[in-house]
Amino acid sequence: MSTTLLVVQVLNGLQLGVLLFLIAAGLTLVFGVMDFINLAHGVQYMLGAYLAVMFYGLTGSFVAALVLALAAALVFGLLLEAVVFRHLYGRDHLDHVIATFGIILFLNSAVKYVWGAAPLSLPVPEVLTGSVALAPGLLYPVWRLVIIGSGIAVAVLLWGLVSFTRVGMLVRAGATNPEMVSALGVDIRRLFTLVFGFGAMLAGFAGIMIAPILSVEPGMGDTILILAFVVIVIGGIGSIRGAFVAALLIGLVDTLGRSFAVDILRLFLSSSTARTVGPALASMLIYLLMAVVLYVRPTGLFPAKGR
């Protein structure tokens, strides 16, 4: 295990962590404020990537594609909330799961119909191609550093928005006591709609940022949605700080586990056994982490106040 490889994998873990945060932040806001389980949140991540590919093909500019895809993701999230999800508030969580799972199936099929089943790609902006030398012998792709930096910037922006603005105060109050907020003259329904649309835009932003690295294909949001739910469970439902810490923790644990589990097990087991057990154990690490956190802190690491 070389130091260079370890540093690269730590950076890869941070990149995965900030992407998970971008998805989990919107998911935990929707879940925390509206008590709504949205399994279709991963589809909005997928749509962000597809919209970016489409707008890049129309404009030839990555910046224009980014802005237009974010706006389209926001509009689509607001439309989906108004047409479908608004009618499910106040109903049982099982109804949320069934309805949003249906949305997943419908939109995955719609994406195949519109863009086809073949994987698509989004090129990295020319100015951000190549690698940068972080240390002698350590090169790291510039775009991956951009993903890490943009995720941290969004985290700081969200923390400031939720903690120090009137809108953030209303979001926190609405998560704790929506009836009282409504009695004070605040249109709680409009607040819920804005939260949902903002969450959809964050998921779309994550899809746009990862599109130059991964293939854009139907169902690409299904797997990462599971990780996003693990993030909000570990971090604490409704907590932006918890989502950020948990996302980075899960990104590092998952990436380092998959990279070095076999090498570590070779210290205690034979090589053949380590090669067999290592990958299976690595895929379980984040769920073992979740079990330990829930045993020690059943409400998560940083539960939102009032929950």
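The side chains of Arg258 and Asp254 meet in a salt bridge at 3.0 Å, N to O, a salt bridge being a side-chain nitrogen of Lys or Arg within 4 Å of a carboxyl oxygen of Asp or Glu. The model is predicted, so local features need pLDDT of at least 70 and side-chain atom pairs count only at pLDDT 80 or more, while totals for chains, interfaces and linings use all residues. Residues are numbered from 1 along each chain as its sequence is written, and side-chain values use heavy atoms, with hydrogens and water left out.

Both Arg258 and Asp254 belong to helix H10 (residues 240–265), where four residues, about one turn of the helix, separate them. Helices (H or I, at least four residues) are DSSP runs numbered from the N terminus. Arg258 is exposed at 52% relative accessibility, whereas Asp254 is buried at 8%; buried means under 20% relative accessible area, exposed over 50%, and partly exposed in between (1.4 Å probe, protein chains only).

A search of the whole structure finds three salt bridges. Another of them joins Glu81 to Arg86 at 3.1 Å, N to O. Glu81 is buried, with a relative accessible area of 0%, and Arg86 is partly exposed at 32%. Arg91 and Asp95 also pair, at 3.4 Å, N to O. Here Arg91 is partly exposed at 45%, and Asp95 is partly exposed at 27%.

Confidence is expressed as pLDDT, the predictor's confidence in each residue from 0 to 100. The chain has a mean pLDDT of 84, and 93% of its residues reach 70 or more. Where pLDDT is low, the predicted coordinates should not be read in detail.

Conventions. Helix = DSSP H or I, 4+ residues; strand = E, 2+ residues; numbered from the N terminus.
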